[in-house]
Amino acid sequence: MIQSDAVPTSWRAALEPELATPKSRALGGFLRAEEAADKAIYPPRGNRLAALELTPLEQVKVVILGQDPYHGPGQAHGLSFSVQAGIKVPPSLNNIYKELSADLGLPVAAHGNLSGWARQGVLLLNAVLTVEDGKPASHQGKGWEEITDAVVAAVAAKPETCVFLLWGNHARKKASNVAGLGRGSHHLILTAPHPSPLSAYAGWFGSKHFSQTNVFLDERGRGAIDWRL
(Lines give C-alpha, C1' and ligand atoms only; values in the text may rest on other atoms or scores of the structure.)
Protein backbone atom coordinates (compact mmCIF):
# COMPACT_ATOMS: atom_id res chain seq x y z
CA MET A 1 0.00 0.00 0.00
CA ILE A 2 1.15 3.58 -0.65
CA GLN A 3 3.11 4.77 2.38
CA SER A 4 4.43 8.04 0.98
CA ASP A 5 1.40 10.06 2.04
CA ALA A 6 -1.52 9.42 4.38
CA VAL A 7 -4.84 9.46 2.52
CA PRO A 8 -7.12 12.22 3.87
CA THR A 9 -10.02 10.85 5.92
CA SER A 10 -12.82 11.97 3.60
CA TRP A 11 -11.31 10.04 0.68
CA ARG A 12 -10.22 6.93 2.55
CA ALA A 13 -13.29 4.74 2.00
CA ALA A 14 -13.33 5.53 -1.72
CA LEU A 15 -9.63 4.78 -2.20
CA GLU A 16 -8.95 1.89 0.17
CA PRO A 17 -9.92 -0.85 -2.31
CA GLU A 18 -7.56 0.51 -4.96
CA LEU A 19 -4.76 1.18 -2.47
CA ALA A 20 -4.82 -2.48 -1.47
CA THR A 21 -4.15 -3.78 -5.00
CA PRO A 22 -0.80 -5.21 -6.13
CA LYS A 23 -0.40 -2.28 -8.56
CA SER A 24 -0.66 0.25 -5.76
CA ARG A 25 1.74 -1.70 -3.57
CA ALA A 26 4.18 -1.78 -6.48
CA LEU A 27 3.82 1.99 -6.84
CA GLY A 28 4.79 2.44 -3.21
CA GLY A 29 7.86 0.27 -3.76
CA PHE A 30 8.78 2.17 -6.92
CA LEU A 31 8.64 5.54 -5.14
CA ARG A 32 10.73 4.30 -2.22
CA ALA A 33 13.33 2.92 -4.62
CA GLU A 34 13.48 6.18 -6.59
CA GLU A 35 14.00 8.17 -3.41
CA ALA A 36 16.58 5.69 -2.12
CA ALA A 37 18.51 6.28 -5.35
CA ASP A 38 18.61 10.01 -4.47
CA LYS A 39 16.43 10.99 -7.40
CA ALA A 40 14.59 14.29 -7.04
CA ILE A 41 10.86 13.56 -7.06
CA TYR A 42 8.20 16.28 -7.34
CA PRO A 43 6.18 17.23 -5.48
CA PRO A 44 7.98 16.33 -2.25
CA ARG A 45 6.50 14.03 0.39
CA GLY A 46 3.68 15.73 2.23
CA ASN A 47 2.40 17.50 -0.89
CA ARG A 48 1.53 14.56 -3.12
CA LEU A 49 -2.08 14.32 -1.98
CA ALA A 50 -2.56 18.06 -1.46
CA ALA A 51 -5.52 18.13 -3.85
CA LEU A 52 -7.38 15.65 -1.64
CA GLU A 53 -6.35 17.39 1.56
CA LEU A 54 -7.50 20.86 0.47
CA THR A 55 -10.72 19.60 -1.16
CA PRO A 56 -12.52 16.93 0.89
CA LEU A 57 -14.84 14.66 -1.07
CA GLU A 58 -18.00 16.10 0.45
CA GLN A 59 -16.95 19.63 -0.58
CA VAL A 60 -16.12 18.94 -4.25
CA LYS A 61 -18.05 21.15 -6.66
CA VAL A 62 -15.67 21.27 -9.64
CA VAL A 63 -13.00 18.90 -10.97
CA ILE A 64 -10.13 20.13 -13.15
CA LEU A 65 -8.00 17.26 -14.48
CA GLY A 66 -4.33 17.69 -15.28
CA GLN A 67 -1.81 15.13 -16.52
CA ASP A 68 1.27 15.00 -14.30
CA PRO A 69 3.08 17.46 -12.01
CA TYR A 70 5.46 20.14 -13.19
CA HIS A 71 8.96 18.66 -13.38
CA GLY A 72 11.04 21.71 -12.45
CA PRO A 73 12.44 22.53 -9.00
CA GLY A 74 10.02 24.30 -6.67
CA GLN A 75 7.05 24.21 -9.04
CA ALA A 76 4.76 21.29 -8.17
CA HIS A 77 2.93 21.30 -4.86
CA GLY A 78 0.17 18.78 -5.45
CA LEU A 79 -2.46 20.78 -7.35
CA SER A 80 -2.96 20.52 -11.11
CA PHE A 81 -1.83 23.59 -13.08
CA SER A 82 -0.76 25.33 -9.83
CA VAL A 83 2.71 26.45 -8.74
CA GLN A 84 3.99 27.83 -5.48
CA ALA A 85 3.83 31.59 -4.96
CA GLY A 86 7.05 33.19 -6.14
CA ILE A 87 7.47 30.72 -9.03
CA LYS A 88 6.99 32.04 -12.56
CA VAL A 89 3.47 31.35 -13.86
CA PRO A 90 3.72 28.55 -16.47
CA PRO A 91 2.37 29.16 -20.00
CA SER A 92 -0.73 26.95 -19.64
CA LEU A 93 -1.74 28.62 -16.40
CA ASN A 94 -1.12 32.02 -17.95
CA ASN A 95 -3.61 31.10 -20.69
CA ILE A 96 -6.09 29.94 -18.03
CA TYR A 97 -5.78 33.36 -16.43
CA LYS A 98 -6.30 35.11 -19.78
CA GLU A 99 -9.50 33.17 -20.45
CA LEU A 100 -10.71 33.76 -16.91
CA SER A 101 -10.17 37.50 -17.35
CA ALA A 102 -11.97 37.55 -20.71
CA ASP A 103 -14.83 35.41 -19.40
CA LEU A 104 -15.50 37.04 -16.03
CA GLY A 105 -13.61 40.34 -16.25
CA LEU A 106 -11.30 39.42 -13.39
CA PRO A 107 -7.77 40.80 -13.07
CA VAL A 108 -4.96 38.39 -13.97
CA ALA A 109 -3.43 36.99 -10.79
CA ALA A 110 0.14 37.96 -9.99
CA HIS A 111 1.01 34.45 -8.77
CA GLY A 112 0.28 30.85 -9.77
CA ASN A 113 -0.92 29.32 -6.49
CA LEU A 114 -4.46 27.95 -6.97
CA SER A 115 -5.00 26.86 -3.36
CA GLY A 116 -7.78 29.44 -3.05
CA TRP A 117 -9.79 27.54 -5.66
CA ALA A 118 -9.11 24.20 -3.97
CA ARG A 119 -10.44 25.46 -0.64
CA GLN A 120 -13.73 26.38 -2.33
CA GLY A 121 -14.35 22.90 -3.71
CA VAL A 122 -12.32 22.90 -6.94
CA LEU A 123 -10.51 19.54 -7.05
CA LEU A 124 -7.26 20.21 -8.89
CA LEU A 125 -6.32 16.62 -9.70
CA ASN A 126 -3.47 15.32 -11.81
CA ALA A 127 -3.75 11.84 -13.32
CA VAL A 128 -0.23 11.06 -12.07
CA LEU A 129 0.84 12.53 -8.75
CA THR A 130 4.64 12.37 -8.94
CA VAL A 131 7.38 12.97 -11.50
CA GLU A 132 11.17 12.83 -11.62
CA ASP A 133 13.09 16.08 -11.93
CA GLY A 134 13.41 17.11 -15.56
CA LYS A 135 11.62 14.04 -16.90
CA PRO A 136 7.98 14.73 -17.81
CA ALA A 137 5.70 11.67 -17.77
CA SER A 138 8.43 9.62 -16.05
CA HIS A 139 5.98 8.17 -13.50
CA GLN A 140 3.14 7.41 -15.88
CA GLY A 141 1.99 3.79 -15.91
CA LYS A 142 3.36 3.07 -12.43
CA GLY A 143 -0.02 2.89 -10.67
CA TRP A 144 -1.10 6.45 -9.98
CA GLU A 145 -3.66 6.43 -12.80
CA GLU A 146 -5.75 3.72 -11.14
CA ILE A 147 -5.77 5.61 -7.85
CA THR A 148 -6.82 8.88 -9.48
CA ASP A 149 -9.45 7.03 -11.52
CA ALA A 150 -10.92 6.00 -8.17
CA VAL A 151 -10.90 9.64 -7.09
CA VAL A 152 -12.81 10.70 -10.22
CA ALA A 153 -15.26 7.82 -9.76
CA ALA A 154 -15.92 8.87 -6.17
CA VAL A 155 -16.85 12.37 -7.32
CA ALA A 156 -18.99 11.00 -10.16
CA ALA A 157 -20.90 8.92 -7.60
CA LYS A 158 -21.81 11.95 -5.49
CA PRO A 159 -25.54 12.72 -5.46
CA GLU A 160 -24.80 16.44 -5.63
CA THR A 161 -24.21 17.89 -9.06
CA CYS A 162 -20.60 18.76 -9.88
CA VAL A 163 -18.82 20.30 -12.86
CA PHE A 164 -16.04 18.44 -14.68
CA LEU A 165 -13.75 20.70 -16.71
CA LEU A 166 -11.93 18.49 -19.20
CA TRP A 167 -9.21 20.38 -21.04
CA GLY A 168 -7.43 18.41 -23.73
CA ASN A 169 -7.60 14.83 -24.96
CA HIS A 170 -5.90 13.35 -21.92
CA ALA A 171 -8.50 14.73 -19.51
CA ARG A 172 -11.39 13.67 -21.74
CA LYS A 173 -9.96 10.17 -22.03
CA LYS A 174 -9.47 9.84 -18.28
CA ALA A 175 -13.10 10.71 -17.55
CA SER A 176 -14.68 8.90 -20.50
CA ASN A 177 -15.01 5.48 -18.87
CA VAL A 178 -15.98 6.57 -15.36
CA ALA A 179 -19.41 5.37 -14.30
CA GLY A 180 -21.67 8.32 -13.59
CA LEU A 181 -20.12 10.53 -16.25
CA GLY A 182 -21.84 9.00 -19.24
CA ARG A 183 -24.92 10.09 -21.13
CA GLY A 184 -27.65 11.22 -18.77
CA SER A 185 -25.21 12.23 -16.04
CA HIS A 186 -26.52 14.72 -13.48
CA HIS A 187 -23.14 16.44 -13.61
CA LEU A 188 -22.06 19.14 -16.05
CA ILE A 189 -19.17 18.08 -18.28
CA LEU A 190 -17.42 20.83 -20.25
CA THR A 191 -14.65 20.07 -22.73
CA ALA A 192 -12.15 22.28 -24.52
CA PRO A 193 -8.66 22.05 -26.00
CA HIS A 194 -5.81 22.13 -23.50
CA PRO A 195 -4.76 25.66 -22.46
CA SER A 196 -1.20 24.94 -23.58
CA PRO A 197 0.18 27.49 -26.07
CA LEU A 198 0.20 24.62 -28.60
CA SER A 199 -3.60 24.32 -28.58
CA ALA A 200 -5.10 27.30 -26.77
CA TYR A 201 -5.99 29.11 -29.99
CA ALA A 202 -7.85 26.05 -31.30
CA GLY A 203 -10.83 26.63 -29.03
CA TRP A 204 -9.60 27.12 -25.47
CA PHE A 205 -9.91 30.89 -25.68
CA GLY A 206 -13.58 31.80 -25.73
CA SER A 207 -14.73 28.53 -24.13
CA LYS A 208 -16.24 30.47 -21.17
CA HIS A 209 -16.00 27.48 -18.85
CA PHE A 210 -15.74 29.63 -15.73
CA SER A 211 -18.99 31.52 -16.24
CA GLN A 212 -20.80 28.36 -17.34
CA THR A 213 -19.60 26.60 -14.20
CA ASN A 214 -20.89 29.34 -11.93
CA VAL A 215 -24.29 29.54 -13.62
CA PHE A 216 -24.71 25.77 -13.30
CA LEU A 217 -23.68 25.71 -9.64
CA ASP A 218 -25.83 28.71 -8.74
CA GLU A 219 -28.92 27.30 -10.43
CA ARG A 220 -28.57 24.11 -8.39
CA GLY A 221 -28.00 25.83 -5.09
CA ARG A 222 -24.38 24.77 -4.72
CA GLY A 223 -22.87 28.26 -4.79
CA ALA A 224 -20.61 29.82 -7.39
CA ILE A 225 -16.82 29.69 -7.23
CA ASP A 226 -15.00 32.94 -6.54
CA TRP A 227 -12.26 32.57 -9.15
CA ARG A 228 -10.30 35.61 -7.93
CA LEU A 229 -6.85 34.86 -6.51
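Predicted model: local features only at pLDDT ≥ 70, side-chain atom pairs only at ≥ 80, totals over all residues.
1. Two strands are taken as paired if DSSP finds at least two bridges between them, and helices (H or I, at least four residues) and strands (E, at least two) are DSSP runs numbered from the N terminus.

2. Residues are numbered from 1 along each chain as its sequence is written, and side-chain values use heavy atoms, with hydrogens and water left out.

3. The sheet is open and is formed by 4 strands in the order β3-β2-β5-β6, with parallel pairing. At its edges lie β3 (122-126) and β6 (188-192), each of which pairs on one side only. From one strand to the next the twist averages 20°.

4. Not counting residues up to four places away in sequence, L123 touches W11, A51, L52, T55, V60, V62, V63, I64, V151 and V155, where contact means heavy atoms within 4.5 Å.

5. Which helix comes within 9 Å of α2, axis to axis? The partner is α6 (residues 144-156), whose axis crosses that of α2 (residues 22-36) at roughly 125°; axes are lines fitted to C-alpha atoms, for helices over the stretch in contact, and angles run from 0 to 180 degrees between N-to-C directions. The two helices are therefore oblique to each other, given that angles under 35 degrees count as roughly parallel, over 145 as roughly antiparallel, 65 to 115 as roughly perpendicular and the rest as oblique. K23, S24, L27 and L31 of α2 make the contact with W144, E146 and I147 of α6. By class this contact has 4 nonpolar, 1 polar and 2 charged residues, where Ala, Val, Leu, Ile, Met, Phe, Trp, Tyr, Cys and Pro count as nonpolar, Asp, Glu, Lys and Arg as charged, and the others, Gly among them, as polar.

6. Helices α4 (residues 91-104) and α8 (residues 209-219) have axes that come within 8 Å and cross at roughly 60°, and α4 and α8 are therefore oblique to each other. From α4 the contact takes I96, E99, L100, D103 and L104, and from α8 it takes H209, F210, S211 and N214; these residues divide into 4 nonpolar, 3 polar and 2 charged. The buried residues of α8 are H209, F210, S211, T213, N214, F216 and L217, and what covers them includes β2 (62-66), α4, α5 (115-118), β5 and β6. Just after α8, G221 takes a positive phi of about 75°.

7. Several backbone details deserve a look, since most residues other than glycine have a negative phi, and most peptide bonds are trans. Y42 and P43 are joined by a cis peptide bond with omega of about -15°, and P43 lies in the loop between β1 (41-42) and α3 (50-54). F81, in the loop between β2 and α4, has a positive phi near 70° and counts as buried at 9% relative accessibility. K208, in the loop between β6 and α8, has a positive phi near 55° and counts as partly exposed at 40% relative accessibility.

8. Two further loop residues are buried. T161, in the loop between α6 and β5, has a relative accessible area of 14% and, leaving aside its neighbours within four places in sequence, is in contact with H186, H187, F216, R220 and R222. N113, in the loop between α4 and α5, counts as buried at 16% relative accessibility. The C-alpha atoms of N113 and Q84 are separated by 5.2 Å although the two residues are 29 residues apart along the chain. With neighbours within four places in sequence again left aside, N113 is in contact with H77, S82, V83, Q84, A85, Y97 and L229.

Terms used. Buried < 20%, exposed > 50% of the residue type's maximum accessible area, 1.4 Å probe, protein only.
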